[in-house]
Amino acid sequence: MAVLRSAPLRHLLRGLVSAVIVVAALFPIFWGLMTSLKPARDIVTFPPSLLPATVTLEHYATIFKAGALGFLLNSLLVSAGTVALCIGLGALAAYGLARFEFPGKRAVLVAIIAVMSIPVASLLIPTYTLIAEIGLVNTHVGLILVYSAYQLPIVIWILAAYYQSLPIELEWSAMMDGYSRFQALWKVVLPLSRPGLIAAGLFVVVFAWNDFVVAVTLLSSEDTRTLPIGIYNFLGFYGREWGPLLAASMVSTIPLLVIFVVLQRYFMAGMTNGSVKG
Amino acid sequence: MIEGSGASIEFRGIGKRYGETVALADLDLTIQPGEFVSLLGPSGSGKTTTLNILAGLISADSGSIMIGDTDVTYLSPDRRGIAMVFQNYALYPHMTIAENLAFPLQARGRNLSRLAIKAKVQDVADTLGIGHLLARYPKEISGGQQQRVALGRAMVRDPKVFLLDEPLSNLDARLRLKMRRDLKALHQRLRSTIVYVTHDQSEAMSLSDRIAIYQGGRLQQCGTPADIYRRPANAFVANFMGEREMNNLPGTVVQTGGGVVFKAEGLDLTLPSTLSGWARFHDRAVTLGIRPQGVQIGQRADATQCEAVLRLVEHAGTEQFFYAQAGGVELSGAAAPDTPLAIGDRVSLTLLSRELYLFDTASGAALVQGGDLAA
């Protein structure tokens, strides 16, 4: 209230700028959502109407009949598997880097950063060859392994920085209280690292959920496809049929959006933490 | 696992270095069962290193540690039967006070029933007067209360050895005095062995059975508070103990026709015949030390005397302290609170013989302690 009275103009200006950014960012999604709910004949009317005159779920029915549910479940499975593997391995690796001194530790840290800066596209062929060698092409396990390999560095980096921000006395205290180091990690460090874990998890889930390039390379059959490939195939299949296309886009966008809205404060906390400490 | 009341602790030749820096040099120290020992020293002197090595949080480079009859040198912290209170309390922020207190009891291998844990937690909380806070979280209670919870979490499993790392340093002055008294009472009741790290000499003096005083990674002296205060092993210990620093007068001892004289800068102090033994130190550079309490106004038979001009007077409640110029040196002294003192006054000062110390200037080793020749 004091801010409002002392600098009402600045307050108003800040609100306006925020509003413009919000509209610019959300309008395409809103437009897509509205369009996906319109009957096919209303979509191409001129002048275009923002809100649908009649609401229909026919496009959603169309894509689900065409197998979108399978793609959705595949995406969920692969994303969940990647997050679980990345957090499981990353939480332990990061703890080692954050709390132990060992020869070559600096080299490991530098290597992790270096790996992060390699573009995924340049790794595509070698990883494909590797996955083919071990017979995991066109399997979800193969895709999860590759996603985890790509995302582990950032997870380790975020978590190591987060652990270092926790007072070491908490772990010492747990050890004095009769717990092993691993138990101290499990009962004290991990519960307190929730913001870091969530931030790292979000990075992974965004990548795994949205990835197209890696999935399209590694997956060949229809029954293993994830949502982005599924939508891409709709593009060819339905041509200019905007209704089913946008319905498919919504199915792929909205889950991530919801996760972000619910967890965004953790994401910000984890990000800033990593940036300051790292 | 070591449980029950009071275990002995023995450090045998413990050393620790970080690169070129010696954190702890060849420490030999034995602590009796049930003893309250303070590790005292400025920061970086090795006292916290000693504590962390004893706790098993860092490993020593050399030497061994015994707790009771067990060699714990290579045991992990959870298997040493030690409880520790950290300077920042290290309460688990995601647990309530009750959960914090129960945490040590739930560790694997203790096999206590839920009811037994609940009863024990309640018992400890009531003892410390925090029974009404059990449902709260650490951030919802005051610093003094957090301190008690940290103590309670250490007490709850009746350890044989307590380690306290500057536990009172985050409290305000009044609360610190109260907690000091409570700690002492607690020790008298529990009779556990307590190792207490502090940089506050008055805390160490008032709490400890014995004080181990450190500097630069070395144990300088270990003894009762009275012993350390009256018979400091060297100039560092002498200056570290006591509310105020000693007067330190570098000079030489000279045998003259009129007796033994201590020559400081622009000041000759003729020593009374009782101190004629000091003549043996004539061949080296020495430093005369005397606490302000030993420098008094007025003349006294058979004591060291000098003339001085008052430069500054401070009132400190039960007494007043003054600074006086005597020759080329400034002496601080103490007087009764009702003594009329004015800046610029010429006064006669007496240096009480039993308050005189003499140190070798080069090594700092004590040559005379409280007027007596050092053994």
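**Notes on the model**

1. Strands and helices here are DSSP runs numbered from the N terminus, with E for strands of at least two residues and H or I for helices of at least four. Strand 4 of chain B covers residues 62-67 and is joined to strand 1 of chain B by five bridges, the two running antiparallel.

2. Before going further, some ground rules. The model is predicted: local features need pLDDT of at least 70 and side-chain atom pairs count only at pLDDT 80 or more, while totals for chains, interfaces and linings use all residues. Residues are numbered from 1 along each chain as its sequence is written, chains are lettered from A and ligands numbered from 1 in the order in which they are written, and side-chain values use heavy atoms, with hydrogens and water left out.

3. Back to the sheet in chain B. This open sheet has four strands in the order 2-1-4-5, with antiparallel pairing; two strands pair if DSSP finds at least two bridges between them. Strand 2 (21-31) and strand 5 (70-71) of chain B are the edge strands, each pairing on one side only.

4. Strand 1 of chain B, residues 9-18, also runs antiparallel to strand 2 of chain B, with seven bridges joining them. Within that pairing, Ile14(B) stands opposite Leu27(B).

5. At the other end of the order, two bridges pair strand 4 of chain B with strand 5 of chain B in the antiparallel sense. Ile67(B) is opposite Thr70(B) in strand 5. These two strands form a hairpin with two residues between them, and Gly68(B) in the turn has a positive phi of about 60°.

6. Chain A is another matter: it has 14 helices and zero strands. Its C-alpha atoms fill a box of roughly 70 × 70 × 35 Å along the principal axes.

7. Now the interface. Contact (heavy atoms within 4.5 Å) involves 17 residues from chain A and 23 residues from chain B. The two chains bury about 1,800 Å² between them, 64% of it on carbon and sulfur atoms; buried area is the accessible area (1.4 Å probe) that two parts lose on being put together, summed over both. Met176(A), Asp177(A) and Tyr179(A) supply 38% of the area that chain A buries against chain B, more than any other three residues.

8. How many salt bridges are there between chain A and chain B? The count is one, taking a side-chain nitrogen of Lys or Arg within 4 Å of a carboxyl oxygen of Asp or Glu. The pair is Arg153(B) and Asp177(A), with the closest N and O atoms 3.6 Å apart. On the side of chain A that touches chain B, helix 9 (168-176) and helix 10 (181-192) of chain A are the elements that give two or more residues, and helix 9 gives the largest share, seven residues.

9. Finally, confidence. The model scores ipTM 0.81 and pTM 0.80. Mean pLDDT (the predictor's confidence in each residue, from 0 to 100) is 91 for chain B, with 99% of its residues at 70 or more. For chain A the mean is 87, and 92% of residues reach 70 or more. Over residues 274-278 of chain A the pLDDT is below 50. Where pLDDT is low, the predicted coordinates should not be read in detail.
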